[in-house]
Amino acid sequence: MASVAAVEGAAAALRSVLSRAQQAAARTGRSPESVRVVAVSKTKPVGVIRGVYDAGHRCFGENYVQELIDKAPQLPEDIEWHFIGNLQSNKAKALLAGVPNLDMVESVDDEKIANRLDRVVADLGRKPLKVLVQVNTSGEESKFGVDPSGCVGLAKHVKLSCPNLVFSGLMTIGMLDYSSTPENFKALTSCRKEVCDELGIPEEQCELSMGMSADFEQAIEMGSTNVRVGSTIFGAREYPKKELG
């Protein structure tokens, strides 16, 4: 059972994050609606997530398939879930079948997972799924994501060869310690320009998911439309001894 203090603390932290995000958008002449805050609730109990929901928030993110499948049925159906972790092909069906209100997969990093998601959406008869192409902007081997040189090809594949997916933009995680640098953000912005030029779509229709707890304001100032904020809202992670798959 989530403590009252934990719930109230997360709700207050959410309000602060939303205010800071709106101010960062305003500093670059953008509207508050131009930025989505994904409240990343991995390892957090359902009661605390419900408290943030009751404070008015609807967009939440999870990193682990089983954790999201366990949590989603216990929470309101109008939550827009974002899956932001690495997704293995063999877990795609369980994720989509288990979470009917999954709004977006932010971590499509190769054609194999794109093709698998496309088939599963068709098999389940669910509405087309929004996806982001994950780009490895830091060049670290430990990071998932397509190399920047391959982002146009993968985005093109999703848009033209996966009719049950909606190509919605690009995502990056940043450095090994989950911080990012202006170079990471600039690299993703450059990728967006290349993708939009190749696909013939306006840049406003191509989201940039970049920025987390430590740097979301800087990311917004550099063009991010989707920031993934966890510990600043929910507090430090509470990992079980055995990491969830």
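Predicted model: local features only at pLDDT ≥ 70, side-chain atom pairs only at ≥ 80, totals over all residues.
Residues are numbered from 1 along each chain as its sequence is written, and side-chain values use heavy atoms, with hydrogens and water left out.

Visitor: How many residues does helix α7 have, and what span does α7 reach from its first C-alpha to its last?
Guide: Helices here are DSSP runs of H or I with at least four residues, strands are runs of E with at least two, and both are numbered from the N terminus. The expected span of a helix is 1.5 Å times one less than its number of residues. For α7 (residues 182-199) the expected value is 26 Å, and the helix comes close to it, with 18 residues and a reach of 26 Å.

Visitor: Within what arc do the buried residues of α7 fall?
Guide: Buried means under 20% relative accessible area, exposed over 50%, and partly exposed in between (1.4 Å probe, protein chains only). The buried residues of α7 include F185, L188, R192 and V195. The arc is taken from the directions that run from the helix axis to the C-beta atoms. Seen down that axis, the buried residues of α7 line one face of the helix, because they fall within an arc of 130°.

Visitor: Which exposed residues does the face of α7 turned away from its buried side carry?
Guide: The buried residues of α7 pack against α6, β6, β7 and α8, where contact means heavy atoms within 4.5 Å. The face turned away from this buried side carries the exposed residues E183 and D197.

Visitor: With which residue does R50 form a salt bridge?
Guide: A salt bridge is a side-chain nitrogen of Lys or Arg within 4 Å of a carboxyl oxygen of Asp or Glu. With the closest N and O atoms 3.1 Å apart, the partner of R50 is D54.

Visitor: Is E67, which meets K71 in a salt bridge, buried or exposed?
Guide: E67 and K71 lie four residues apart in helix α3, and their salt bridge is 2.7 Å from N to O. K71 is buried, with a relative accessible area of 6%. E67 has a relative accessible area of 6%, so E67 is buried.
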